[in-house]
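Dear colleague,

Here is the structure that I promised to pass on to you. Please open it first, and then read the notes below with the chains in view.

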Amino acid sequence: MFSSEFLLTAIVFLPAVWSLGLLAFDSQNKESMRYWTVLGTALTFVLTLQLWGSFDPALATMQHKFSVPWIPTWNVNFTLGVDGISLPLVVLTGLVSLLAAIASWSIDKHVKGYLILFLILETGMMGVFLSLDFFLFYVFWEVMLLPMYFLIGVWGGPRREYAAIKFFLYTLAGGVLMLIAMLMFYFNGGMSFDLLELANIAAGKGKVASFSETLQLAAFIMLFIGFAIKLPSFPFHTWLPDAHVEAPTPISMILAGVLLKMGGYGIIRIAMPLCPYGAQYCAYFLVALGVFSIIYGAFAAMAQTDFKRLVAYSSVSHMGYVLLGLAVWRIQDGKTFNADYWAMGINAAMFQMIAHGISSTGMFFMVGVLYDRVHHRDLNKFGGIAQLMPEYSGLAAVIFFAGLGLPGLCGFVGEIFSVLSCWNFDPLLAIIAASGVILTAGYILWTMQRVYLGPEYKGPHPEGIIPFLPRERLVAYTLVILAVVLGVFPNVLFKPMDKSISGLVQSMSHTYDAHHGAAATVQTTQVTQ
Amino acid sequence: MDFQSLFQQFLSGGGTLQASTYRSLVLFLPELILCGSIVAMLLARLTSLDKCIPTHWFALLGSLGAFIAVLAQFWELSIDGQPSTLLFTGLAVHDEFSVFFRGFLLFFLVFVVALTVLSGIPDQEDAPDFYTLLCGAVVGMMVMSSANHLLMLFLGIEMASVPSYAMTGFLKGRRQSSEASLKFVVYGAGAAGVMLFGISLLAGLTGTAEFGLLGERLHSIFANGFTASHPEARIAILALLMISVGFAFKLSLVPFHFWCPDAFEGAPAEVAGFLSIASKAAAFALLVRFCMSVTGSAAGVVQGLSLTMGLGLGTLAIITATFGNMAAYSQTNAKRMLAYSTIAHAGYMLMAVSALLVLRSTTGSELAASPEQMKQAIEGLLYYLAVYMFMNLGAFSIIALIRNQTFSEEIDDYKGLIQQAPLLAVGMAICLFSLVGIPPLGGFYGKFFIFAAVFDATRVHWFMWVVLAAGGFNTVLSLFYYVRLAKTMCMDVRPVDARQVSMPSNSPSGMYVLLVCGMVLVLGVIIQPLSRVANHAAAAFF
């Protein structure tokens, strides 16, 4: 229906252009500005659906790719494109933004400024997922920083300024590392920022010689730190509980639903294809880190008394599965061993990202609904909500079970497949990761018991508890339906992702086996002789 | 020699690359226009003409006219691709690089004059004095940026400095202002003395003061490699060190920066903004040209000297950037904070010069950097300066506009300004985040280009990794204090007893802020034109 150029550019820039329209509104006219924003995010979401519709799942290559020179003196191009890895995340971004915009009715302070920043944030997120030029990627990555800083810092909770600066600082520090890695690739990759071209060079098929092993390792470590901060993975996760707790509900939804995925996406899109050797070198460490994050996040969640902080730590735990799934690249005798399991791991990681995008968005929303009514989040002061708000509690239960990983809901698929693929990598780590599920069940069930069950609500503001509003109902039902659909028909997601992921796995394992693995084997045989 | 032949020589003298006196004067036209407007301002006061025509019109028209003249020169150069021309028998040089900086300074002068008109410093009575000093300083800076002779170097620096001293103390009634001015003078005089001694050593040693010949002579002095064992070599190194003291003073590099915070705090914000940008830019123009001249010529590059100077400047850059950022953190006065930020930014920009020299030191070896790579280092510096002009000017002009309404420059008095004057708060936030270097604001690209040049230089010498790491570390470090100011303005609540500030966006001042801060954004999205111009200007050396 639309040309590729128009469709992708519109998805990226429509929200930002839409935010200009807000300037024309009167600041007191809050209601119309909110509707205007919802309309903008809805249009963007429709465009992302259109993108999904025109996407051919049988192709492993980039689709709708186009490139326009931006800074020719530095060979920077405005290159956008989509493949099976970025497509689900783009659609997820569109959806979560729309839902967060609907949830933004709870914001009543400086509405105009809030909505403008919100829309600019959406542009940044879309740009990150769609850009295929490293420089452009970096620009969009940082573009998200400023709106996020102000959204947390102005509209957040009591410790908002601390949380905002912490978020800013962590991401900026990661960004500087990414910048240095970017320069490494630029100067060693024939003055190019094109991610596909750089990946070709890394695979030994480019115009210039492949990146040296030292370079790949150094760059991978820098990139990984940059992305692990966003992911977040232990030990770079400490900004997350603060940011999540202090951010207003819609922003928490975006943080958990989309921003955390950028870390995982960055690893798949940039860190791994550009430094296959580095990725393989660090594989065991990454898997172990993922497993540790799972367990650590679960234990930390269990210890929380703040409802939102609990959900925040559960994100650390759940994103551990992503790291685990991405890195299960097993090498035996200098060759990639059972690459299919690795492909399954990446598929699982991608699925887990989307599933977590739905379940944690839902969890934050559910917490927010409750907070709007009783103005506190202390788990020990809840109880008996199920009797006062039966519909809400039922929907919340589904969302929390989805987070727990109950079969039939979206959380299960990602967790089970990443643990399965890990068995091929290292059974011990797989066992530890699997036991994380028990801990997850522990804290989620315990939370539900403390909040929803019980005879009566004894906490503050019992008079504030009113039934579900239609607006809230819309958001909750959408998320619940998606959680069920993805749990029952996971193929909806696997189908578009599969080709791109197996293409990536093939190319990386070939590269490793041909350039690094074989050489390693020769060396070991020489040593043994 | 009779009059006829004198006149003939005036019209068509000179050699292949040397312009005749007449041609020199034509190419010197922008400076002459500015000088003319200075004279006109003084005469206007003499004849009481300034009572009916405000003096700022003279300054504005003069700087605009001079800017247009430079534009015409730039256009001419860009078409013909001429080699550089020597003016006034080799005292000055006319090439893309000098034209870029002269245009930069005049463009900036237009903005500064506009700002002073809007903010009302100086008043009617003092206006001729102020604008005379301002334009005089710019003439000096323009001389700096086209100097091709040690004498012109010194002359330019002094011509730029002396009016600056007077402008710093322009608020005559304020003790602080006078104190700042005195500090500035004493430091300036000291630095100038040391520099002059260095110049005389260098000129005495090499027997020439022309930049074009210095490289050759030094090349023969260091013919047996770069060692200090030879007495002549020792004197040369000493001379270069002493000259660099003068540069360090102008660039406010640690440890010659002490004047900077005091001068900025004491001076009106407009003057501080002017000094922080124009004198830095001119000093960098001179520094690049001087370094390129002494480290080599067509005959060859003094590799050891170039590398040592590059690494030395790199060390200085690290210390300056780190110190500036650290010291800025604890400031409570907005201007003083920005003064330290200026010091830090001088450090970043110095990294580009350092990378340039390190890359240049490879000339003639198998690792040789291509001219394109060295051009990119200079391009990074020029882009950075151009963006820096807008972001720093934006910050200082907002400080000046707030001062006009609250009579305060303390950060605490900026609390919650967004509730009363959103334009000022948002404009300030844009400038500050651009100073941190966050895309899509212009500051990021300047920083990126410089870091890219430094990265490029890492393959020559490992120390450049340290420089690069320091640059990255400082970027993160600087976030703290810039964000603190942005946070104060955008997030805190305005105290009830605070003075009312208003700045509608359709007032002239509001439009000025919109324009300057808008340019910071535009330079972050449309990069190519300026990047090309900068690249073209850098081509003058290759």
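**Where the two chains meet**

Between chain B and chain A there are 5 residue pairs in polar contact, with both residues at pLDDT 80 or more; a polar contact is a pair of N or O atoms within 3.5 Å, where within protein one must be able to donate a hydrogen and the other to accept it, and where residues adjacent in sequence count only if both atoms are side-chain atoms. On the side of chain B that touches chain A, the elements giving two or more residues are α15 (371-406), α16 (422-436), α17 (442-457), α18 (463-490), α19 (508-525) and α20 (528-538) of chain B, and α18(B) gives the most, with 10 residues. Helices (H or I, at least four residues) and strands (E, at least two) are DSSP runs, numbered from the N terminus.

Please keep in mind that this is a predicted model, in which local features need pLDDT of at least 70 and side-chain atom pairs count only at pLDDT 80 or more, while totals for chains, interfaces and linings use all residues. Residues are numbered from 1 along each chain as its sequence is written, chains are lettered from A and ligands numbered from 1 in the order in which they are written, and side-chain values use heavy atoms, with hydrogens and water left out.

Counting contact as heavy atoms within 4.5 Å, 36 residues of chain B touch 30 residues of chain A. The area buried between the two chains is about 3100 Å², and carbon and sulfur atoms give 81% of it; buried area is the accessible area (1.4 Å probe) that two parts lose on being put together, summed over both. Of the area that chain B buries against chain A, F448(B), F455(B) and M491(B) supply 21%, more than any other three residues.

The rule finds 1 salt bridge across this interface, and it joins the side chains of E161(A) and K487(B) at 3.4 Å, N to O. A salt bridge here is a side-chain nitrogen of Lys or Arg within 4 Å of a carboxyl oxygen of Asp or Glu.

**An aromatic pair between the chains**

The whole structure holds 83 aromatic pairs over all chains. One of them, F168(A) with F433(B), is stacked, at 5.7 Å centre to centre and 25 degrees between the planes. Rings of Phe, Tyr and Trp (its six-membered ring) pair if their centres lie within 6.5 Å, and planes under 30 degrees apart count as stacked, over 60 as edge-to-face and the rest as tilted. F168(A) and F433(B) are both buried, where buried means under 20% relative accessible area, exposed over 50% and partly exposed in between (1.4 Å probe, protein chains only).

**Salt bridges within each chain**

Over all chains there are 25 salt bridges. In one of these, R309(A) meets D242(A), with the closest N and O atoms 3.8 Å apart; R309(A) lies in helix α14 (residues 307-327) and D242(A) in helix α10 (residues 239-246) of chain A, so the pair ties together parts that are 67 residues apart in sequence. R309(A) is partly exposed at 22% relative accessibility, whereas D242(A) is buried at 5%.

R373(A) and E472(A) form another salt bridge, at 2.8 Å between the closest N and O atoms, and both residues are buried. In chain B, D262(B) pairs with R336(B) at 3.1 Å between the closest N and O atoms, and these two residues are buried as well.

With best wishes
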